[in-house]
Amino acid sequence: MDAVRALIRRKITGLKLLGVPVLGLCADLLIGAGCVSEVHSSAVSLGEAGLAPRFTDAAERADITVVDYTCPAVHTALQATEKGVPYMPLRGVLGSDLVGAHADWQVAQNPFAGGADPILLVAAIAPDVALFHARWADEAGNVWVGRRRELATIAHAARHTYVTVEEFRAGDMLEDELLAPGVIGSTYVSGTARAERGAWPLGVAGVYGIDDTHLAMYAKAARTREGFEQYLREFVWQERKSSLPA
Amino acid sequence: MARAQELLACLIARLIADARHVAVGAASPIPATACELLRAQGRPLRITRLHKRHGNPFSEGSRELFDLAGQGRIDYFFLGGAQLDGDANINLVRAAGRRFPGSFGSAFMYFTCRTILLREEHSPRVLVPRVEFVSAPGWSPPDVVRRGGPVALVTGKALFRWQPEKRRFRLESVHPGHTAAEVREATGFEYDAGTVGETAPPTAPELELLRGPVAVAIGSDYPEFARRVWS
C-alpha cells in the first residue's frame, strides 16, 4: 500500500494492472487517481467492504479497458512464463464468454486423447513489474512471503520485482530450513525497501490485521468523486511520517 | 419457528449430505452454516473455508484451491450470480449497464465441482431468460471434459433441481409461506414443474444444533450474520 500511495504521488499514468488473481484497494486507488489505462483481473472488489467504487465507476463509463479472467487462468498464464513455455492448458472455462474476449487464449484438441477432447490453452504472461509487500528481506537480497506462493510465481514471471518489507534481517534466510520454504530467492528480486506497517489498511499475516473500519470508511467515501478526492488529500498526498521516503 | 437463513442452511445440508470435502467461498455464511450443521451432526466433513482470516488451510497460496478442485478433491462448491438463467448459466460481470466485481474462479469451479447455486433474492431481475454475459456456462457439449456442474438452485422462495439430461431446471419444492404461482411469476426462465412439494422445514434437533454449536462456529467468521440470525 505504501508503494502504491508513492506511485500516486509520483502521478504515474498508463498502468496496465494484472490481478493475481483479484484486485482490491490498491487498484481502486490507482484507478481513481487516474493512473490506470487497463485492468486485467478475475475480479475487482473490496471483499467484505463491498464493491470497489472507483473501479466500478471507471468500468461503467469505459474510462478504463477491462479484460476479464477467471482466477486459475491468471495463475496458469504466469506459471507458463515461470516454466519458460509459451502456453499452458487449463480445464474448464470452455463455453464462457471470457474466452471470446481473449486473443491470448485458444481452444485446441488434447493431442494425447483418443477422441475429441477440446481444452483451453492460456498464453504465457510476463509482467514488466511485480510489486508487493512482505514481512522480511535479508542481507542476501531474499524476501520471505510465507505461504503466499503466488507471489513467488509473479516474481519468477516478472521482468523486475520490487518488494517493500516490514523488517530487514541479518544473514541469509535460505540457510534456515524452516524459513526457506517461504522465501523468494534474491535471483528474482530487483529491489527492496523498508516500509514499516506498509500494508496498512491491509494486513500482514502474523503481524497485523486488516483495518476493517478504515476500509468501510473508504468504501463509503469513494462512492463519489468528491469523497474520493478528499480521501486522497487526507491519506495519500501527505506522506505518513512513519514511512521512509519512496 | 425457523428463520429463513436456518431453513436455507438445513436445505443445503441435506443436498450435500454425501460430501466428504466441501469448499466454501468468501461471503457465503449460509453454505458455511450448512457445512457446520453436517459436522455438528457427526459427519466426517472436511470444510475448506476460503478467505478465512485464521485457519488458512493452504500452503501453496491462492492457486491451491483451483488445483485441489482440478484434482477432483472437492465434492461441492457454491456459486451465486448477478444473473442466472434457465440453462444454469451464471453472470458475474455485467448487466443493464452495471459492472460487477467479476467472475472469480467460477468458470473453472463450475466445471470441476458439483455446484449448489444459491441466490436469496428470487426475482425476474436475477432469474432471467438469458444472462447478458456468461461467466460460467451451465452445461457443456459431450466432448468437453466436465466432472462438475449444477446440482440444484436454492433461492429464498424455492428449490429447483437441475436435470442434466434435459438441460433444464425442475421446480421441486416451494418454501413455507410461498406458492408455486408466486415462484412462476418471479422467475424469468422456463422450467419443468410436476408435483411441487413444500420444502421441509428444519427439524427440532436441527434447530437445536443450529442455535447451539453451529451459531458459535459461524460467529467467529461471520459475526454480522450470526448476530442477525441468532441474537
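This is a predicted model: local features need pLDDT of at least 70, side-chain atom pairs count only at pLDDT 80 or more; totals for chains, interfaces and linings use all residues.
Q: Why are H4(A) and H6(A) called oblique to each other?
A: The axes of H4 (residues 71-83) and H6 (residues 149-157) of chain A cross at roughly 50 degrees and come within 8 Å. Angles under 35 degrees count as roughly parallel and 65 to 115 as roughly perpendicular, with the rest oblique; H4(A) and H6(A) are therefore oblique. H4(A) passes H6(A) in a left-handed crossing.

Q: Which residues in H4(A) meet H6(A)?
A: His75(A), Leu78(A), Gln79(A), Thr81(A) and Glu82(A) in H4(A) do so, and their partners in H6(A) include Ile154(A) and His156(A).

Q: What makes the packing of H7(A) and H8(A) oblique?
A: H7 (residues 212-221) and H8 (residues 225-235) of chain A pack at about 140 degrees, with axes 8 Å apart. Roughly antiparallel requires an angle over 145 degrees, so H7(A) and H8(A) are oblique. Among the residues that meet are Met217(A) and Tyr218(A) in H7(A), and Phe228(A) and Tyr231(A) in H8(A). The contact divides into 6 nonpolar, 2 polar and no charged residues.

Q: Why is the pair Arg99(B) and Asp68(A) called a salt bridge?
A: The closest N and O atoms are 2.7 Å apart, and the cut-off is within 4 Å, so the pair qualifies. The count between chain B and chain A is 1 salt bridge.

Q: What area is buried between chain B and chain A?
A: About 2,800 Å² is buried, of which carbon and sulfur atoms give 56%. The contact takes 30 residues from chain B and 40 from chain A.

Key:
Residues are numbered from 1 along each chain as its sequence is written. Chains are lettered from A and ligands numbered from 1 in the order in which they are written. Side-chain values use heavy atoms; hydrogens and water are left out. Axes are lines fitted to C-alpha atoms, for helices over the stretch in contact, and angles run from 0 to 180 degrees between N-to-C directions. Helices (H or I, at least four residues) and strands (E, at least two) are DSSP runs, numbered from the N terminus. A crossing is left-handed if the near helix is turned anticlockwise from the far one by less than a right angle, and right-handed if clockwise. Contact means heavy atoms within 4.5 Å. Buried area is the accessible area (1.4 Å probe) that two parts lose on being put together, summed over both. A salt bridge is a side-chain nitrogen of Lys or Arg within 4 Å of a carboxyl oxygen of Asp or Glu. Ala, Val, Leu, Ile, Met, Phe, Trp, Tyr, Cys and Pro count as nonpolar, Asp, Glu, Lys and Arg as charged, and the others, Gly among them, as polar.
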